[in-house]
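Please walk through the structure below, moving from strand pairing to helix packing and then to the ligand shell.

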Amino acid sequence: MLKSYRGKLLKVNLTTHEISTEPLNEDIAKNFLGGAGYACRYLYDLIDKKTDPLSPENILMIMTGPLMGTFAPNTGRWVVCSKSPYTGIWGESNCGSWFGPEIKKAGYDGLIVVGASEKPVYLEIKDENVKLKDAEFLWGKGTKYTTEKLKDLFGDDKAIVACIGPAGENLVKYANIVSEERAAGRTGMGAILGSKKLKAIIVKGSNIKLEVADQTKFKEANKIARDNVKSSFGTQVLGSLGTSGALDMYNMTGELPIKYFTESQWDRAFNISGATMAETILVENRFCNSCVIGCGRRIDIKEGKYRTEGVIEGPEYETIVSYGSLLMNDNLESIAYMNTICFDYGIDTISSGGTISCLTHHYTLGNINSEDIDGLKPEWGNIEIAEQILKKIVYREGIGDLLAEGSDALGKEFKIPQDEIATVVGLEVTYHEPRANFGMAIAYGIGGAYRGPSHNQCDPYFTLVGVPLDEIGMKNIDRYNDDEEMAEYCAIDMDYRALYSSMIMCSFCNPLPSQNAALIEYATGLKFGLEEIKLYGERILNMKRLFNLKMGLTAKDDRLPKILLRPHKKGGSAGKTPNFEKLKNLFYKYKEWHPETGKPSETKLKQLGLDKL
Ligand code: SF4
């Protein structure tokens with residue numbers, strides 16, 4: 001019997017309103033741990049190419065990890081997984097807050113949501129006392145109101161809520177799930193809850209005891225890992241300046257996306273940096289459950305147009321780019337405001353800002369006319385127009401109905417070549433320029449290995465600035481390397497982050513891999529060393545790849561649009577561009593994936609124990 005799990009998952013059938021539990025599948029847990037790996041293996045058998053992601057047939061899972069509740073560093077995040085309505089492939093989004101730990105305290109390793117309700121409902125979980133309740137009165141409301149109202153009705157402020165806003169209800173393809181001013185932002189998981197008419201989940205658990213396999217050794221390993229992370233340089237930067245702490249540096253190196261990826265240096269970038277936030281509106285750090293870093297920003301804007309009602313969650317780097325440099329807006333307070341309304345609407349800041357900026361770019365180039373977009377005249381730096389467009393998207397009004405389908409749909413409608421839209425597998429790329437760090441070309445272009453382009457599931461932009469991963473073969477290399485070394489580096493990075501998505505550890509938290517192995521072994525009782533770190537990571541990543549291939553993905557989908565490959569004329573990365581096709585071939589070779597089909601070889605699948613799939 002594995003330790004550090006609760007041993008059961010809560011299953012909710014929204015069609016029949018039946019609530020049940022099912023035992024944790026020990027075989028899956030032994031091979032995939034928990035989190036996204038567990039969900040992917042579980043859902044692989046139940047979802048296929050024909051499954052409409054917004055139909056009752058799609059299944060959504062909310063998962064915790066085996067280390068959650070042990071107080072291992074940065075293991076309090078949770079993950080939501082399903083077939084994405086946005087990309088049609090593996091959907092996965094990871095979130096902070098305390099929702100996951102509360103599910104585990106209530107006695108579950110995860111939730112399985114199937115079917116669809118006729119009327120809006122919310123789920124109330126109080127340990128084994130679980131009820132579906134009418135949510136008609138919440139339908140149409142923002143996430144802030146929904147959260148406060150549900151806590152009020154529940155009668156305990158410490159109960160934790162995860163919910164959708166109007167964007168999820170209106171099936172905006174990149175709607176998110178919001179929990180306590182944090183969001184599971186990517187791949188449209190909020191639209192799935194909207195299609196199932198599940199407005200919210202409120203949970204309160206009472207059991208904080210969790211049995212680990214070896215308490216003494218775990219305690220010791222935990223102290224070593226926590227101390228190691230606390231003392232690292234990355235932790236100091238993230239703790240004091242937040243995720244946008246390196247924004248000024250990115251502006252110098254060409255890593256900061258500007259004006260929809262068409263420029264690489266901006267003289268106003270400092271106005272939106274982590275340092276500026278720290279000097280102006282920052283009040284304190286915010287920590288997810290069990291975190292030793294605290295990259296979250298709590299801010300207060302005391303006066304002016306964007307005055308806040310007290311202390312609120314500040315924007316993270318990705319939102320600062322999305323509604324800042326990508327749109328040429330250098331007003332940090334307005335970005336904080338857009339962040340807050342995106343939370344309340346329940347919409348992903350990366351995809352919404354990316355889509356608005358894509359529209360602005362092609363409008364200013366003359367590819368789209370004002371009369372085609374409800375008379376709007378998007379312009380660089382004009383955040384008021386961006387706000388109008390955002391509202392139209394959330395309520396699917398006028399052009400918003402098209403934009404709610406994302407950048408690719410916009411391109412298709414206006415016959416804009418796919419190469420001029422910054423997406424891969426239909427998902428907007430995130431905000432670390434591949435021209436300034438060639439590894440990001442793999443992270444984005446081969447996003448079909450996981451949930452589409454991601455800076456968390458393959459993060460050479462971060463690891464190459466000094467994360468100690470030599471133990472698993474990730475030796476520091478030049479950021480402009482587009483040879484075997486980079487392909488191999490990213491392949492190992494991807495596997496390691498796939499393991500992170502299952503053990504669930506925040507990717508900013510990097511004890512030595514051997515220290516992570518010790519945490520897993522002493523918590524679960526599974527034999528875990530460096531060999532297992534690599535084996536499990538590779539297995540989990542290939543599992544996601546198999547899911548995507550089953551959904552119809554092919555090697556052709558592993559591509560990067562030209563808009564991300566044209567060398568910049570100025571800035572820190574002037575004249576540089578990765579040879580993506582070369583990197584892709586080298587990556588496939590290292591991974592033993594077929595160059596045309598993109599499938600893992602039989603030998604590889606056998607080695608990973610996935611050959612029966
Ligand atoms: S580093 Fe930031 S995102 Fe990661 S667990 Fe801590 S607060 Fe959450």
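Which residue in E8 does Leu 123 stand opposite? The model is predicted, and in it Leu 123 faces Leu 132 of E8.

The strands come first. E7 covers residues 121-126 and E8 covers residues 129-134; the two pair in the antiparallel sense, with six bridges. They form a hairpin that leaves two residues between the strands, and Asp 127 in this turn has a positive phi of about 50 degrees. E7 also pairs with strand E12 (residues 198-204), here in the parallel sense and again over six bridges. Within that pairing, Glu 124 has Ile 202 of E12 as its bridge partner. Five of the six residues of E7 are buried, so the strand is largely enclosed by the rest of the structure.

Next, the helices. Two packed helices are described by the distance between their axes and the angle between them. The axes of H12 (residues 332-345) and H14 (residues 383-394) come within 11 Å and cross at roughly 5 degrees. Because angles under 35 degrees count as roughly parallel, H12 is roughly parallel to H14. On the H12 side the contact includes Ser 334, Tyr 337 and Met 338, and on the H14 side it includes Ile 383, Ala 386 and Glu 387. The residues of this contact divide into nine nonpolar, one polar and two charged.

Last, the ligand. Among the residues around it are Arg 77, Arg 182 and Arg 286, together with Cys 288, Cys 291, Cys 295 and Cys 506. Asn 74, Ile 293, Gly 294 and Phe 508 are also in this shell. The shell divides into six nonpolar, two polar and three charged residues.

Definitions and conventions. Residues are numbered from 1 along each chain as its sequence is written. This is a predicted model: local features need pLDDT of at least 70, side-chain atom pairs count only at pLDDT 80 or more; totals for chains, interfaces and linings use all residues. Side-chain values use heavy atoms; hydrogens and water are left out. A residue is near a molecule or strand if one of its heavy atoms lies within 4 Å of it. Ala, Val, Leu, Ile, Met, Phe, Trp, Tyr, Cys and Pro count as nonpolar, Asp, Glu, Lys and Arg as charged, and the others, Gly among them, as polar. Buried means under 20% relative accessible area, exposed over 50%, partly exposed in between (1.4 Å probe, protein chains only). Helices (H or I, at least four residues) and strands (E, at least two) are DSSP runs, numbered from the N terminus. Two strands pair if DSSP finds at least two bridges between them. Axes are lines fitted to C-alpha atoms, for helices over the stretch in contact, and angles run from 0 to 180 degrees between N-to-C directions. Angles under 35 degrees count as roughly parallel, over 145 as roughly antiparallel, 65 to 115 as roughly perpendicular and the rest as oblique. Contact means heavy atoms within 4.5 Å.
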